[in-house]
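Good morning, and thank you for the time.

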Amino acid sequence: MLIQIILLAAIAVITVLLTRSTAGVRHQAVRRLMLVGFVVLAVVSVLVPSWLTWLARLLGVGRGADLLLYALVIAFLSSLATTYRSTALLNRQITVLARKVALAEAALAVQEQRPSVVAPPLSITAAAENDADGDAATHGGDRSTSHPGGPSRSLNG
């Protein structure tokens, strides 16, 4: 009878875990404490196997193996709940990222279809190329630039 109450309470806790947010330091602290408790109980059960049978009889279960089975069922359900929640969270994040990528690709496609606003008109570009060719001819093929207040640098290397 007592074990039924404990098992139903554990199932209720798992149900609550499925419906609440898992983000936060408090949630991680609870998980770590539960892990430490599990390790301690596992070590005691291995070192003193009769303790598990004594605990099983105290809780109204006939054998320690049955109590262990019940505990494993609860652990499995907890693992299932945690995996479900993390998978759902990952799916939501992937959906958001896929939407952002799609919007970015659409914006890029729109930009590629229309001419660039910052590109200079063709006549200015052609004039600059002609000036550069003439400048190179006057310097004997060596393209160098002169900065005010500084030495000339060669663009050819």
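What follows is a description of the chain, its helix packing and a few selected residues.

First, the conventions. This is a predicted model, in which local features need pLDDT of at least 70 and side-chain atom pairs count only at pLDDT 80 or more, while totals for chains, interfaces and linings use all residues. Residues are numbered from 1 along each chain as its sequence is written, and side-chain values use heavy atoms, with hydrogens and water left out.

Let me begin with the chain. It contains five helices and two strands; here helices (H or I, at least four residues) and strands (E, at least two) are DSSP runs, numbered from the N terminus. In sequence order the pattern reads α-α-α-α-α-β-β. Of the 157 residues, 10% are buried, where buried means under 20% relative accessible area, exposed means over 50%, and partly exposed lies in between, with a 1.4 Å probe and protein chains only. The accessible surface of the chain is about 12,600 Å², and carbon and sulfur atoms account for 68% of that surface; these areas come from the Shrake-Rupley method with a 1.4 Å probe, and for residues only the protein chains shown count as cover. Contact, in what I say today, means heavy atoms within 4.5 Å. Taking contacts between residues at least 6 apart in sequence, 41% join residues at least 24 apart.

I turn now to helix packing. Two packed helices are described by the angle between their axes and the distance between the axes. The axes are lines fitted to C-alpha atoms, for helices over the stretch in contact, and angles run from 0 to 180 degrees between N-to-C directions.

How do helices α2 and α3 pack? Helix α2, residues 25-47, meets helix α3, residues 49-59, at an angle of about 110 degrees, with the axes 4 Å apart. The two are therefore roughly perpendicular to each other; angles under 35 degrees count as roughly parallel, over 145 as roughly antiparallel, 65 to 115 as roughly perpendicular, and the rest as oblique. From α2, the contact involves Leu41, Val44, Ser45, Val46 and Leu47, and from α3 it involves Pro49, Trp51 and Leu52. By class, this contact of α2 with α3 has seven nonpolar, one polar and no charged residues. For these classes, Ala, Val, Leu, Ile, Met, Phe, Trp, Tyr, Cys and Pro count as nonpolar, Asp, Glu, Lys and Arg as charged, and the others, Gly among them, as polar.

Ser45 is buried, with a relative accessible area of 18%. A polar atom of its side chain lies 2.8 Å from the backbone oxygen of Leu41. Beyond its neighbours within four places in sequence, Ser45 is in contact with Trp51 and Leu52. From Ser45 to Leu68, 23 residues apart in sequence, the C-alpha to C-alpha distance is 9.8 Å.

Leu52, in helix α3, is likewise a buried residue, at 15% relative accessible area. Not counting residues up to four places away in sequence, Leu52 touches Ser45, Gly64, Leu67 and Leu68.

That brings us to the packing of α3 with helix α4, residues 64-113, at an angle of about 80 degrees and with axes 7 Å apart. This pair is therefore also roughly perpendicular. On the α3 side the contact is made by Leu52, Thr53, Leu55, Ala56 and Leu59, and on the α4 side by Gly64, Leu67 and Leu68. Its residues comprise six nonpolar, two polar and no charged.

Finally, two further residues. Ile11 lies in helix α1, residues 2-19, and is partly exposed at 38% relative accessibility. Leaving aside neighbours within four places in sequence, Ile11 is in contact with Ile74 and Leu77. Ser86 belongs to helix α4 and is partly exposed, with a relative accessible area of 36%.

Thank you; I welcome discussion.

Terms used
Polar contact = N/O pair within 3.5 Å; in protein donor to acceptor, adjacent residues only side chain to side chain.
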